[in-house]
Amino acid sequence: MEDGGFDTVDGIASYFKFGERGTTLGTEVRAGITTFMVMVYIVALNGIIIAEPPGLDPVAVAAGTALVAGVMTIAMGVVTNYPFALAAGLGLNAAVAIGLTQGLGMTPAQAMGVVVIEGVLISILVVVGLREAMMNAIPLGLKRAIGVGIGLFILFIGFWDGGLITGVGPPFDPVDFIYPNTPGAWIFLVGLLITAALWARKVKGALIISIAVTTLIAIVFNVQKLPTEFSVTPKFDTLGLGLQDLGGVFTIEAGLLAALLAIFTIMISDFFDTMGTVTGVAAEAGLANEDGSVPGVGRVLLVDGLAAAVGGAAGVSSNTTYIESAAGVADGGRTGMTSVVTGLLFLVAIFLAPIVQIIPLQAAAPALVLVGYLMFTQIGEIDARDISIGFPALLTLILMPLTFTIYIGIGAGIVSYVVIQIVLGRAREVHWLMWIAFVAFLLFFAQEWIKPLIS
């Protein structure tokens, strides 16, 4: 038994190259637990974000979230040997749950179908070697503006769910601030204070701790009632949802162009979020090359692309590589064994999914605000003084939250960028993929003018 045990440990060490990367099994296990602790909040949070707008079962969404995160994170570790963890992407899940179902009138199955399609397209781009070409097409300033815009969108949703802002309508107050006048609003503010304090103190697991503490406060003050029935048996009612109406994605009432742009926009958002995360975390772990490139990044991107499609098929939104992977790296994680440990813990978390019934929106909303802030920090890297990038970046990041739609912001940014380049005589410097996107978004924005001409 001991010899077999040593053989097993040695085999793991050899497969994951512990010696080459200066780590041990104990360090990798600890790092995997750390990554899980800072990511597990997504199980409850995704159950709330994805379920409410389209009317899905939050418990089933939470269970599916843990299942897909567990399986795909283990796959990432085994296939790539990098300490990257995956789960349903914040920002993208809100865009799917709200932007596609409410903005474009898609059914839940169609919205998840968009995620399946974009995940398959990303995987194909990786296989044929075009993903990096797409990365190079959009200027760095716009890429950062997309991240900032999504962050502001998430922050906006957090304040909305917390009950401090609401929609009123034109002409004067499209968004109205609500002075805290309900127990729920005060619970949100207390939760926001707890979340910010824990994060500022660099407490590991700050988000899940803040959600748990705020939920407890809500129960104590009778803002949230305990369910009369509680089962520890997980439900997987959403599995297969994204495969039920793939054809219907292209026949929505908003039109084929709107459907294509929705796919394009989700794909672009997924695309750049992953590339930024992988590059940043690999560099922090000392696993990147001197020029910033990541050895074997194709395998990482392929697993990530497949994870997006699997998340859509499971009805829990696109799964993507998490920036929180950096927490495990900071705790010593250097190999895919870190990811394997994190993935196994996510599988155990499946049985915690019913807890989502207890968590009120006001307890989860502060986490959205904080994640929005973290994504907003990229704004300092945008050269706003250069109008050729600063103005398109501004349109991109401000129109996302104001229109409650990510692709409107990206479209405005791309169109304005290309127009400014034309005016400055730099049309030849615009990537051909940007020209395709430019024409597509022009047609989209002009659709109300075009419809009478072609009807």
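I began with helix H12, residues 256-284. Its 29 residues, at 1.5 Å a residue, should span 42 Å. I looked up its end C-alpha atoms and found them 42 Å apart, which agrees. The model is a predicted one. Just after H12, I noted Gly286, with a positive phi of about 75°.

Next, H7 against H13. Helix H7 covers residues 108-128 and helix H13 covers residues 297-313. Their axes lie 7 Å apart, and the packing angle is about 165°. Angles over 145 degrees count as roughly antiparallel, and H7 and H13 are therefore roughly antiparallel to each other. I logged the crossing of H7 past H13 as left-handed. On the H7 side, the contact residues include Met112, Val115, Val116, Glu118 and Gly119. On the H13 side, they include Gly298, Leu301, Leu302, Gly305 and Ala308. By class, I have 13 nonpolar, five polar and one charged residues in the contact of H7 with H13.

Then H9 and H17. Helix H9 spans residues 140-162, and helix H17 spans residues 387-403. Their axes come within 7 Å and cross at roughly 25°. The cut-off for roughly parallel is under 35 degrees, so H9 and H17 are roughly parallel to each other. The crossing of H9 and H17 is right-handed. From H9, the contact takes in Gly141, Leu142, Ala145, Phe153 and Phe156, among others. From H17, it takes in Ile389, Pro392, Ala393, Thr396 and Met400, among others. The class count for H9 with H17 is 14 nonpolar, three polar and no charged residues.

Phe156 sent me to the aromatic pairs. How many does a search of the whole structure find? I got 10 aromatic pairs. One of them joins Phe156 and Trp160, with 6.1 Å centre to centre and 40° between the planes. I recorded this pair as tilted. Phe156 and Trp160 both sit in helix H9, four residues apart, about one turn of the helix.

Last, H4 and H16. Helix H4 runs over residues 41-51, helix H16 over residues 361-376. Their axes come within 10 Å and cross at roughly 110°. That makes H4 roughly perpendicular to H16. H4 brings Tyr41, Leu45, Ile48 and Ile49 to the contact. H16 brings Leu361, Ala364, Ala367, Leu368 and Val371. Which classes are present in the contact of H4 with H16? I listed nine nonpolar residues, no polar and no charged.

Technical notes. Residues are numbered from 1 along each chain as its sequence is written. This is a predicted model: local features need pLDDT of at least 70, side-chain atom pairs count only at pLDDT 80 or more; totals for chains, interfaces and linings use all residues. Side-chain values use heavy atoms; hydrogens and water are left out. Axes are lines fitted to C-alpha atoms, for helices over the stretch in contact, and angles run from 0 to 180 degrees between N-to-C directions. Helices (H or I, at least four residues) and strands (E, at least two) are DSSP runs, numbered from the N terminus. Angles under 35 degrees count as roughly parallel, over 145 as roughly antiparallel, 65 to 115 as roughly perpendicular and the rest as oblique. A crossing is left-handed if the near helix is turned anticlockwise from the far one by less than a right angle, and right-handed if clockwise. Contact means heavy atoms within 4.5 Å. Ala, Val, Leu, Ile, Met, Phe, Trp, Tyr, Cys and Pro count as nonpolar, Asp, Glu, Lys and Arg as charged, and the others, Gly among them, as polar. The expected span of a helix is 1.5 Å times one less than its number of residues. Rings of Phe, Tyr and Trp (its six-membered ring) pair if their centres lie within 6.5 Å; planes under 30 degrees apart count as stacked, over 60 as edge-to-face and the rest as tilted.
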